[in-house]
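These are my notes from one sitting with a structure file.

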Amino acid sequence: MLIHHLRVLPLLVRMHVRSQMEYCGAFWLDRLAQILSYGSVFATIGILLARFDTLGGWTWPELALLFSFQLLAYSLGAAMSFVQLRDLEELVRLGTFDTLLVKPFSPWAYLVFSGLNIGYTGHVILAVALMGWAVLSVDFVWSVWSASFLIAALISATLLTAALITMIGATALIWVRSNHLFSIFFGFWDLTRYPLNIFPGGIQTILITAVPLALTSSVPVGALLGKPIPSLGDWAGLASLVAGPIWVLIAIVHWRYATGKYQGAGG
């Protein structure tokens, strides 16, 4: 059964990619709009730095590394979760999620891979380009260990992002409505473009624990650059690496719990 699933997944992805690329010109025009939109956000940060030189002790190249890391981790994690799990609410409300339960296939795997969102290509292009410039410009001596840590932390941050989005979407199986929780998610996510230490202690605690999005941005990047990390201190690097796998396990438990509570279209 597992081998059968692994054979089907590439087919699901290929079919969805073909459908998204049907209007190629419109697709790439939309990606350009994404790049300009997020580029303008980073330009705003640049204007602040031109005025104050540093932000919370972070220089312009360091903030570029932070911003690119945060954007890349989000785009990779959300490509495999956001649109699919956001639309789960509608599937539950209309009762069409029931059809996934009778398929000889994992409902989660079918949702994720049949809707793999290549629309995040613009995010990835901007993040990779900006990260490349930041890596070359930041005042930091790179080594095999530091480069390995950056890659491992990025993978962990990607997993953490996908896990949180999955948990939010899965809540629709219990409450029917869950998309309002995404507004809360993105409200906190917007804060993680900036160093953690510029926020009040209460917000710092929330971004590390209840909504641990700081572990997808300023905590791993700050640990890499040797910045002081509130609350975590010397444990910031380790926390960044284990957060993703731990939250994936939590998301698996939550998904199983939510599907167990699902009562079908009839409620």
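**Entry 1**

I began with Ser81, which is in contact (heavy atoms within 4.5 Å) with Arg86, Ala162, Ile165 and Thr166, leaving aside its neighbours within four places in sequence. I note that this is a predicted model, where local features need pLDDT of at least 70, side-chain atom pairs count only at pLDDT 80 or more, and totals for chains, interfaces and linings use all residues. Residues are numbered from 1 along each chain as its sequence is written, and side-chain values use heavy atoms, with hydrogens and water left out.

I placed Ser81 in the loop between helix H3 (60-79) and helix H4 (82-86). Helices here are DSSP runs of H or I with at least four residues, numbered from the N terminus. Ser81 has 0% relative accessibility and counts as buried; buried means under 20% relative accessible area, exposed over 50%, and partly exposed in between, with a 1.4 Å probe and protein chains only. I also found the Ser81 side chain at 2.7 Å from the backbone oxygen of Gly77.

I then checked Ser68, in helix H3. Ser68 is buried too, at 0% relative accessibility. Not counting residues up to four places away in sequence, Ser68 touches Ala127, Leu130 and Met131.

**Entry 1: Helix H9**

I compared the length of H9 (residues 144-170) with expectation: its 27 residues should span 39 Å at 1.5 Å a residue, and the end C-alpha atoms are 39 Å apart, which agrees. The expected span is 1.5 Å times one less than the number of residues. I found 19 of the 27 residues of H9 buried, so this helix is largely enclosed by the rest of the structure.

**Entry 2: Salt bridges**

How many salt bridges does the structure hold? I got 5, taking a salt bridge as a side-chain nitrogen of Lys or Arg within 4 Å of a carboxyl oxygen of Asp or Glu.

Glu62 and Lys227 meet through their side chains at 2.9 Å, N to O. This pair links distant parts of the chain, with Glu62 in helix H3 and Lys227 in the loop between H13 and H14, 165 residues apart. I have Glu62 as buried at 9% relative accessibility, and Lys227 as buried at 18%.

For Arg177 and Glu89, the closest N and O atoms of the salt bridge are 3.2 Å apart. Arg177 lies in the loop between helix H10 (172-175) and helix H11 (180-191) and Glu89 in helix H5 (residues 88-94), so the pair ties together parts 88 residues apart in sequence. Arg177 is partly exposed at 46% relative accessible area, whereas Glu89 is buried at 8%.

Asp190 and Arg193 form a salt bridge at 3.5 Å, N to O. Asp190 is partly exposed at 33%, and Arg193 is buried at 11%.

I located Leu232 in the loop between helix H13 (218-225) and helix H14 (236-261). Is Leu232 buried or exposed? Leu232 is buried, with a relative accessible area of 19%. Leu232 contacts Ile208, Leu215, Val219 and Ala239, leaving aside neighbours within four places in sequence. Leu232 and Val219 are 13 residues apart in sequence, and their C-alpha atoms are 8.6 Å apart.

Methods:
Helix = DSSP H or I, 4+ residues; strand = E, 2+ residues; numbered from the N terminus. Polar contact = N/O pair within 3.5 Å; in protein donor to acceptor, adjacent residues only side chain to side chain.
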